[in-house]
Amino acid sequence: MSAQRWAFITGAGGDIGGATAALLAQRGWGVICADIDGAKAEARAAAIRAEGGAAQAMTLDVTDEAAVNEAARAALAIGDVRALINNAGRAFGANMRVMDYATWRRDMLLNLDSAYLCISAFQDHLLKQGGSIVNMGSVNGLGMFGHPAYSAAKAGLMHLTRVLAVEFGDRGVRVNAVAPGTVRTQAWDERLAANPAVFDELTAWYPLRKVAVPADVAAAVAFLVSDDAAHITGVILPVDGGISAGVTKLYQSITQQQ
Ligand SMILES: NC(=O)c1ccc[n+]([C@@H]2O[C@H](COP(=O)([O-])OP(=O)(O)OC[C@H]3O[C@@H](n4cnc5c(N)ncnc54)[C@H](O)[C@@H]3O)[C@@H](O)[C@H]2O)c1
């Protein structure tokens, strides 16, 4: 099956990227599923094709400049890429006391530099044809939720979003970010194995009293790349069950009301 417009999604072998690819494909986008784990990317693309969607897989390390440039060339040979979704990411150093410089650099490279590389690789095409970019931020870039280097990288990524929204605005390229709170994905597998109650514990902190599933984030990304968001750029959209607005338990302690 062919599609008129294509989305390039990094980390699409993972849970949020995969859910985003599947949703965009349902909405008529062709999707290029890029992931350092080529087997996962291929599995996702194959599942989308099996549902009648247009999908291609690519093995890509988003921290490798030459590989990113080559992937962009290959992607543009597949189709007219009008959406770049910088989703690949993960947190390495849990706190400052355990973080050496190599870990700091790893967090920065994967969570911030990678977006620079992908945007650089696609910008000529996007600025010529128009389109949009969605960066996968995090509530970690808005407040203190641990993982200092990851948080600093996500804050940088979200500020880059605003900067590029202004720089690219008159060229018809919108740049937005989403900032998820806790999302039930494989990124939590180690913590879940260590503490099977981790999501129950976390749920108590969220105003909506639940953590997100990948489809919640995918829906926000799909909205931001859609024509429904034609006048929206430079926005950081929290998909966080309300936690960036406040913490229920805290206001209850302050007001001494339930
Ligand atoms: N899960 C959460 O609670 C949560 C919260 C806020 C933000 N996020 C962000 O959402 C994004 C997706 O995370 P997820 O929870 O779906 O995790 P995930 O582990 O399910 O998916 C991440 C994917 O990125 C891929 N990846 C890792 N390094 C890569 C590289 N160098 N090049 C290309 N691909 C690479 C992995 O192979 C994996 O498939 C990340 O940017 C993460 O920081 C997640």
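Helices, as counted here, are DSSP runs of H or I with at least four residues, and strands are DSSP runs of E with at least two, numbered from the N terminus. On that basis the protein chain of this predicted model holds nine helices and seven strands.

**Overall form**

The C-alpha atoms of the protein chain fill a box of roughly 60 × 40 × 35 Å along the principal axes. Because a compact globule of 258 residues would have a radius of gyration near 18 Å, the 18 Å of the protein chain agrees with that expectation. Buried residues account for 48% of the 258 residues, and, among contacts between residues at least 6 apart in sequence, 70% join residues at least 24 apart. The protein chain exposes about 12400 Å², of which carbon and sulfur atoms supply 54%. As to charge, there are 21 positive and 24 negative side chains, and the centres of these two sets lie 4 Å apart.

**Asn176 and its surroundings**

Asn176 belongs to strand β6, which spans residues 173-180. With a relative accessible area of 0%, Asn176 falls under the 20% cut-off and therefore counts as buried. The side chain of Asn176 makes the following polar contacts with backbone atoms.

| Side chain | Backbone atom reached | Distance |
|---|---|---|
| Asn176 | oxygen of Ile232 | 3.0 Å |
| Asn176 | nitrogen of Val235 | 2.9 Å |

Notes. Residues numbered from 1 in each chain as written. Predicted model: local features only at pLDDT ≥ 70, side-chain atom pairs only at ≥ 80, totals over all residues. Heavy atoms only, no water. Rg over C-alpha atoms; globule rule 2.2 N^0.38 Å. Buried < 20%, exposed > 50% of the residue type's maximum accessible area, 1.4 Å probe, protein only. Contact = heavy atoms within 4.5 Å. Areas by Shrake-Rupley, 256 points an atom, 1.4 Å probe, with all protein chains shown as cover. Lys, Arg positive; Asp, Glu negative; His and termini not counted. Charge placed at Lys NZ, Arg CZ, Asp CG, Glu CD. Polar contact = N/O pair within 3.5 Å; in protein donor to acceptor, adjacent residues only side chain to side chain.
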